[in-house]
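Student: I have a new model open and would like to learn how to read it. Could we go through it together, one feature at a time?

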Amino acid sequence: MFSKSAKLYDTIYLNMGKDYSAEAGKIRALIQQHKQTSGNLLLDVACGTGLHIGPLREHYQVEGLDLDQNMLEMARQKHPDIPLHHANMMNFDLGHQFDAITCLFSSIGYAKSISGLFQTIGNMARHLKPGGILLVEPWFTPENWNTGTVHASFVDKPDLKIARMNISNRKDRLSFFIFHYLIATPEGIEHFTETHELGLFTEVEYLEAFRSAGLEVLHDPTGLDGRGLFIGLKRTS
């Protein structure tokens, strides 16, 4: 995952224009529209460095969860008073339920396999109160993933230059790519790589995973920023 680049993560994505506050506003509107519980407990699964947690905590009692210790450390620096759990989204057990659960920025792709997708959605549904809402932002579908495409992101600040590049690849239903980072500071220039593998799931497979977990499900093809959004609702009876 982003273990080596955790300290660069916020700089890269904020420089790319990702608006976490605006996304949090859309999340709140969806929760207000669909949630049928009276509480305000929210769990952000695969919370990363905690950039969504900041604006969400203004309205909810928030907890976060991530598998990457380095990303969690960045989140703890921002939110030392918020419970942040080191756990796998496929099998975590927090011992209590939430009114809303989010899994954003295509992190669900790290479930990798169809069985992993079903297990992850089922586990999040198990942590949801009756009447609660689950919001999942999907990764690419198999038909929308293009191999051989070249990608690059750049940061150009007075004392920090970052170039991140990769080429998209695929093995059956698994997308994979190697991020190459080149970082320059007054102390020197560093190069390292990170390999990422994310499962390619169809819309039907997402819908089936939600329904298999006992959730009613809606699909918004646009979602928060064009990636789409699956909205799961847990029945009250």
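This is a predicted model: local features need pLDDT of at least 70, side-chain atom pairs count only at pLDDT 80 or more; totals for chains, interfaces and linings use all residues.

Student: Where does His 52 lie?

Tutor: Look in the loop between strand E1 (41-45) and helix H3 (53-56). Helices (H or I, at least four residues) and strands (E, at least two) are DSSP runs, numbered from the N terminus. The protein chain has six helices and 12 strands.

Student: Which residues is His 52 in contact with, leaving aside its neighbours within four places in sequence?

Tutor: Contact means heavy atoms within 4.5 Å. By that rule, His 52 is in contact with Lys 18, Tyr 20, Glu 23, Asp 44 and Leu 104. The side chains of His 52 and Glu 23 are also joined by a polar contact of 2.7 Å. A polar contact is a pair of N or O atoms within 3.5 Å; within protein, one must be able to donate a hydrogen and the other to accept it, and residues adjacent in sequence count only if both atoms are side-chain atoms.

Student: How many salt bridges does the structure hold?

Tutor: The general idea is that side chains of opposite charge can pair when their charged atoms come close. A salt bridge is a side-chain nitrogen of Lys or Arg within 4 Å of a carboxyl oxygen of Asp or Glu. There are 10 salt bridges in the structure. Glu 23 turns up again here, in a network of salt bridges that links it with Lys 18 and Asp 225.

Student: What does the salt bridge between Lys 78 and Asp 10 tie together?

Tutor: Their side chains meet at 2.7 Å, N to O. Lys 78 lies in helix H4 (residues 69-78) and Asp 10 in helix H1 (residues 6-15), so the pair ties together parts that are 68 residues apart in sequence. Lys 78 is partly exposed, with a relative accessible area of 30%, whereas Asp 10 counts as buried at 14%.

Student: Which residue forms a salt bridge with Asp 93?

Tutor: That partner is Arg 126, with the closest N and O atoms 3.9 Å apart. Asp 93 sits in the loop between strand E3 (84-86) and strand E4 (98-103), and Arg 126 is in helix H5 (residues 114-126), so to speak a link across 33 residues. Asp 93 is exposed, with a relative accessible area of 55%, and Arg 126 is partly exposed at 43%.

Student: Which residues of the largest nonpolar core touch the most other members?

Tutor: In soluble globular proteins, nonpolar side chains tend to be buried together. A nonpolar core is a set of buried Ala, Val, Leu, Ile, Met, Phe, Trp, Tyr and Cys residues joined through side-chain atoms within 4.5 Å. In the largest one, with 51 residues, Val 45, Ile 121, Met 124 and Leu 134 touch the most other members. H1 gives the most to this core, with five residues. A second, separate core of 22 residues includes Ile 31, Ile 82, Leu 84 and Leu 135.

Student: What do the buried residues of H6 pack against?

Tutor: They pack against H5, strand E5 (128-136), strand E11 (215-220) and strand E12 (229-234). The buried residues of H6 are Glu 205, Tyr 206, Leu 207, Ala 209 and Phe 210.

Student: How many disulfides does a search of the whole structure find?

Tutor: The search finds zero disulfides, a disulfide being a pair of cysteine sulfur atoms within 2.5 Å. The sulfur of Cys 47 is 10 Å from the closest cysteine sulfur, in Cys 103, too far for a bond. Cys 47 is buried at 7%, and Cys 103 counts as buried at 0%.

Conventions. Residues are numbered from 1 along each chain as its sequence is written. Side-chain values use heavy atoms; hydrogens and water are left out. Buried means under 20% relative accessible area, exposed over 50%, partly exposed in between (1.4 Å probe, protein chains only).
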